[in-house]
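Here are a few friendly notes to read alongside the model. Keep the structure open and find each residue as you go.

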Amino acid sequence: MNIEFDTMKPMEIEKRSFEIIESELKFPIDEKIKPVVKRVIHTTADFSYAETLCFSENAVDDFIREIKNGTGIITDTNMAKAGINKKACEKFGINVECFMSDKDVAEKAKKDGTTRAVASIDKACERKERYIFVVGNAPTALIRLYELMEEEKIKPAAIVGVPVGFVNVVEAKELIISLKDVPFIVARGRKGGSNVAASIINALMYMAGGRE
């Protein structure tokens, strides 16, 4: 079988991909959030995110403000950390951290009989700093974050909540959506993942001017 392919540079492929996404969107999307939605669709080839991505009021502006201020990011997986654009982070002076592989986190999780994701959130809470929390895998991280917020022990700068799975995933996301005073972007339902989490942050960084 002989198949001919157009020879295109990476940026040309991306540009064409976004044109295809735009043409195949089934309904109008608010221009403010469209770059984020399209970036997630580009990452997943899944148009259902056009319907399931949920944004708090003024979420995009709030996230961009935090990005421009250099607010640190904590992720629940090293995969999400690896997927966040390094050059954009450098431009804004943003430090991206993941505690999941830390020895003290593993020890605390074992001692408390909980998950490393929960122990990671507890470790972040101990630092007393404001972070953007980016959760793409562990619903327990979102649940613990919500609990600590209810106890007024932590105040995230913003939350990306897109864990994937079947157990407590939908419920954990709905807890974040119920929040009234923290900017969030959540993918309702079971779908999500570390790649989705990273793509959301990358889209917001590019919107903030973090891409040459």
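**Notes on a predicted model**

1. Start with glutamate 97, which counts as buried because its relative accessibility is 16% (buried means under 20% relative accessible area, with a 1.4 Å probe and protein chains only). This is a predicted model, where local features need pLDDT of at least 70 and side-chain atom pairs count only at pLDDT 80 or more, while totals for chains, interfaces and linings use all residues. Residues are numbered from 1 along each chain as its sequence is written, and side-chain values use heavy atoms, leaving out hydrogens and water.

2. Glutamate 97 sits in strand β3, residues 96–98 (strands are DSSP runs of E, at least two residues, and helices are runs of H or I, at least four, numbered from the N terminus). Leaving aside residues up to four places away in sequence, glutamate 97 touches Ile73, Ile74, Thr75, Lys81, Arg127 and Tyr131 (contact means heavy atoms within 4.5 Å).

3. Now look at the sheet: six strands form an open, mixed sheet in the order β1-β6-β5-β4-β2-β3 (two strands pair if DSSP finds at least two bridges between them). β1 (53–55) and β3 are at the edges with a single partner strand each, so one side of each has no neighbour in the sheet.

4. Within the sheet, β4 and β5 (residues 158–161) pair in the parallel sense over four bridges. Phenylalanine 133 stands opposite isoleucine 159 in β5.

5. Nine of its 12 residues are buried, so α8 is largely enclosed by the rest of the structure. The cover over these buried residues includes β2 (72–75), α7 (103–112), β4 (131–135) and α9 (139–150).

Notes:
Buried < 20%, exposed > 50% of the residue type's maximum accessible area, 1.4 Å probe, protein only.
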